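Here's a quick briefing to read next to the model. Have the sequence and the 3D view open as you go.

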Amino acid sequence: MAYISVRETDGYDYMAQHFLLSRRAKTLSLATVFRMSDAEAETVFRDVRWPDTDGAPVCPACGGMDAYEFRRASGALRFECRACRKEFSITSGTLFASHKLPLRIYLAAIAIFCNEVKGKSMLAMSRDLGLSYKAAFVLGHKMREAMAAEMRGRTLGGEGSTAEIDGAYFGGYVKPANLRENRVDRRLSEHRTGKRKVVVVIRERGGDSLPAVFKSEAAATNFIRSHVRPGTIVNADEATAWDRLHAKYEMKRINHGEAYSFDGACTNWAEEYFSRLRRAEMGHHHHISGPYLLRYAQEAAWREDSRRVANGEQAQRVAQLAMAHKPSVDFTGYWQRRAA
Ligand SMILES: [Zn+2]
């Protein structure tokens, strides 16, 4: 990796050149996707769905490998399993099940989603791809659900590793305040309405991240204890919620009222994460509160952790995750519920 020079200082990596400007990152452009024929897009998804058989269909119902291939009058590609006679498509039983759009559009959506490093507004996505806002919204959340699948069961840290934990409040209609006393006031008042939630993130320095959503930082203790391995040095700010972690971990505390980095203690990685999530909230998604806050938090974590992965590889991973994922937990029956 000649074009990236990394120097190590107090455990942090500083990149001499912004990775997104390097040639290696630009491996999947929208132009590439739109030059593809529908058949080529189908081949991409077949390879991602059935990597073990080089794209040859495997029946999702019985695992049979002998399927008859045909097209519906609409041109949609279908298979019929010769063993169990069930009909299926490339996306049957996946996150993109019962897709109504050409696969090329799904690939374009993934490319746009990965290429927009600060997070993509689904309103902009709907305009880019000529979709309804609702279709883009659901598609965006399915991609977030795919990203989240990579975090399932994740544990971080261990002997010799350092992790940072921090929390930040999201949701409601109050603009985040800068002053400490305002912050506290707002938390308390919003606590009572229950609209504001705290996103707590664990970030292993030089490793991966794991966010979760709670009513308060204090409610996150068990989550941290079960996802941060013993032996990890844990950095946290002065919030009393983290005091209980001293029993299990070696802790480094930083009082942000006094300094941002002191005696090796800091939460810069965690704050980098929150600035990304905050940008997504402000710039693109408006109010990312409510049931989808966790998904936005997971998207931001995925993007932070993948920030040096070429965007073509990112797109490949999202497609793989989506095709290996069962139909959406969040959006199963979404259209039916909408219609009702
Ligand atoms: Zn079958």
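Phe79 has 0% relative accessibility, so it counts as buried (under 20% relative accessible area; exposed is over 50%, partly exposed in between, with a 1.4 Å probe and protein chains only). Keep in mind that this is a predicted model, where local features need pLDDT of at least 70 and side-chain atom pairs count only at pLDDT 80 or more, while totals for chains, interfaces and linings use all residues. Residues are numbered from 1 along each chain as its sequence is written, and side-chain values use heavy atoms, with hydrogens and water left out.

**Around Phe79**

- Phe79 lies in strand 4 and Trp50 in the loop between helix 2 and strand 3, so their pair ties together parts that are 29 residues apart in sequence. Helices (H or I, at least four residues) and strands (E, at least two) are DSSP runs, numbered from the N terminus.
- The structure holds 10 aromatic pairs. Rings of Phe, Tyr and Trp (its six-membered ring) pair if their centres lie within 6.5 Å; planes under 30 degrees apart count as stacked, over 60 as edge-to-face and the rest as tilted.
- Trp50 and Phe79 make one of these pairs, edge-to-face, with 5.7 Å centre to centre and 85° between the planes.
- Trp50 counts as buried too, at 6% relative accessibility.
- Phe88 joins in: ring pairs link Trp50, Phe79 and Phe88 into a cluster.

- Strand 4 is mostly covered, with 4 of its 5 residues buried.
- On one side, strand 4 pairs with strand 3 in the antiparallel sense over 5 bridges. Two strands pair if DSSP finds at least two bridges between them.
- In that pairing, Ala67 stands opposite Cys81 in strand 4.
- The hairpin of strand 3 and strand 4 has 5 residues between the strands, and Gly75 takes a positive phi near 95° there.
- Strand 4 also pairs with strand 5, again antiparallel, over 2 bridges; Glu80 has Glu87 in strand 5 as its bridge partner.
- The hairpin of strand 4 and strand 5 has 5 residues between the strands, and here Arg85 takes a positive phi near 70°.

**The zinc site**

- Which residues hold the zinc ion as protein donors? They are Cys59, Cys62, Cys81 and Cys84, each through SG, lying 2.3 to 2.4 Å from the ion.
- Donors are N, O and S atoms within 2.8 Å of the metal (3.2 Å for Na, K and Ca); water is not among the atoms, so sites may look incomplete.
- The site is tetrahedral, with angles of 100 to 116° among its 4 donor atoms. Four donors count as tetrahedral if all angles lie between 85 and 135 degrees. The ideal angle for four tetrahedral donors is 109.5 degrees.
- In sequence, the donor residues are spaced C-x2-C-x18-C-x2-C.
- Cys59, in the loop between helix 2 (38-49) and strand 3 (67-71), and Cys84, in the loop between strand 4 (77-81) and strand 5 (87-88), are 25 residues apart, and the pair links distant parts of the chain.
- Cys59 is buried at 3% relative accessibility, whereas Cys84 is partly exposed at 26%.

**Elsewhere in the chain**

- His141 lies in helix 5 (residues 133-149) and counts as buried at 0% relative accessibility.
- Leaving aside neighbours within four places in sequence, His141 is in contact (heavy atoms within 4.5 Å) with Tyr292, Arg295, Tyr296 and Phe331.

Note on methods
Tetrahedral: all angles 85-135°; square planar, octahedral: opposite > 155°, others 65-115°.
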